[in-house]
Structures are given as C-alpha cells and as structure tokens.
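Hi,

Here's the structure I said I'd pass along. Have a look at it first, then read on for what turned up.

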Amino acid sequence: MSFDTQIFEDKMNKSLENLKKDLNGLRTGRASVSLLEPINVDAYGSKVPLSQISNISVPESRMITVQVWDETLVNTVENTIRNSDLGLNPMIEGNLIRVPVPELSEERRIEIVKIAAKYSEDCKISVRNIRREGMDKIKIEEKNKELSKDESFSYSEDLQGLTDKFIKKIDSFFEEKEKDILKV
C-alpha cells in the first residue's frame, strides 16, 4: 500500500498554520505583539523580521513599544511601521518607538473582516487543492493496479473527511476572529 493520507493532512495543517498567522496579523482594536509580526524591515542589506532587530512589548492595552537594538535602524523601523497598511502612527523616543493603537471605526472593522474572510477563503482553496492532489494520486494508483477499487474508495472517503474537518476548523477560526474584530 503506497497511499498515505498523513502527507495530505500535514499539508492541510501547514495551510491552517498560515491562516492563523495571517489572522493574528489583523488588527482587532487592542494592542498585540502579533500585530507587528508580519512586518519586515530593510536592515543589513536584506528584509529582516522586526522581531529579530528589536524587542516588541505591550505595556498597556492601546500601546505597543518597539525597543530597537541598533540605533541606526530606529528611523527605518519607524518608517516601515508607518508605511505598513496597519494604519499606525509610531513616535520615536531615543531608540524606543511608541506605537499607539487607535480605536477602529466601524467602517475599518468591516474592512478588516473582509480581509479575514479573504484569508479564510484562500485557505479553503488551498485545502481543496490538496484534496484534489490526493484524489488524483488515488486514481493513478488505482489505474496502475497499486490500489484495489475498495482501497481507492476508502482512501477517497478518508481524504474527503479530512478536508471537511479542515474546512470546519477554517470556518471556526474565521468566526472567532470576526467576533474579535467586531467587538467594540
């Protein structure tokens, strides 16, 4: 037996992890270290994650502080945060950057929910593509007499069950994030 559903489950898990990362990067109106995680800064001749050149913390519910370790990068970090699509307005104090997190308007909250929905839909497409890849492999192995009709049917059902389970998880993550974003 050469067909292994675990390979496809691992791929689906990777898609789910990427979705979690994308959703964590969306603003909810509260300050969070994960808000700045997706930001990469031009430093030392390449794009470097903000967390590798600074210490990011949340001293209060509406404030993020970024302690930049290399003083020559403070302005670059400040500009990168300002020019990100997060709508933040950082302020420099020495090599500390204060990033106040403003209240989200209802309009902006709805926009962010739409972005979250797009991330979720992209993840579902990815999971369905992984299922299709698995189904194609099953058909090929059945055609090459490596799997019997019964085995082929069984593996196809397993793969569909796995897909359904992941689609439910994606919907659940999205609903949770949507509540979080819309909560005032």
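**The pocket and the helices beside it**

The largest pocket comes out at a volume of about 350 Å³. There are 16 residues lining that pocket, and the ones closest to its centre are Gly25, Leu26, Pro38, Leu86 and Tyr119. Keep in mind that this is a predicted model, so every value here is computed from it.

What is the lining made of? By class, it splits into seven nonpolar, three polar and six charged residues. As for where they come from, helix H1 (5–24) and H3 each put in at least two residues. H3 is the top contributor to the lining of the largest pocket, with four.

**More on H3**

H3 runs over residues 106–143. With its 38 residues, H3 spans 55 Å from first C-alpha to last, which is close to the 56 Å you'd expect at 1.5 Å a residue. Just past the end of H3, Lys145 has a positive phi of about 65°.

H3 also packs against H4 (residues 149–182), with the two axes 10 Å apart and an angle of about 170° between them. Angles over 145 degrees count as roughly antiparallel, so that is how H3 and H4 sit relative to each other. Sorted by class, the H3 contact with H4 has 16 nonpolar residues, nine charged and six polar.

If you're opening it in a viewer, I'd start with the lining of the largest pocket and H3, given the four residues H3 supplies there.

Cheers

Note on methods. Residues are numbered from 1 along each chain as its sequence is written. This is a predicted model: local features need pLDDT of at least 70, side-chain atom pairs count only at pLDDT 80 or more; totals for chains, interfaces and linings use all residues. Side-chain values use heavy atoms; hydrogens and water are left out. Axes are lines fitted to C-alpha atoms, for helices over the stretch in contact, and angles run from 0 to 180 degrees between N-to-C directions. Angles under 35 degrees count as roughly parallel, over 145 as roughly antiparallel, 65 to 115 as roughly perpendicular and the rest as oblique. Ala, Val, Leu, Ile, Met, Phe, Trp, Tyr, Cys and Pro count as nonpolar, Asp, Glu, Lys and Arg as charged, and the others, Gly among them, as polar. On a 1 Å grid over the protein atoms alone, a cavity is a set of points where a 1.4 Å probe fits but cannot get out, and a pocket is an open set with protein on both sides within 12 Å along at least five of seven lines; lining residues have an atom within 4 Å of a point. Grid points are joined across faces, edges and corners, and a volume is the space filled by probe spheres set on the points. The expected span of a helix is 1.5 Å times one less than its number of residues.
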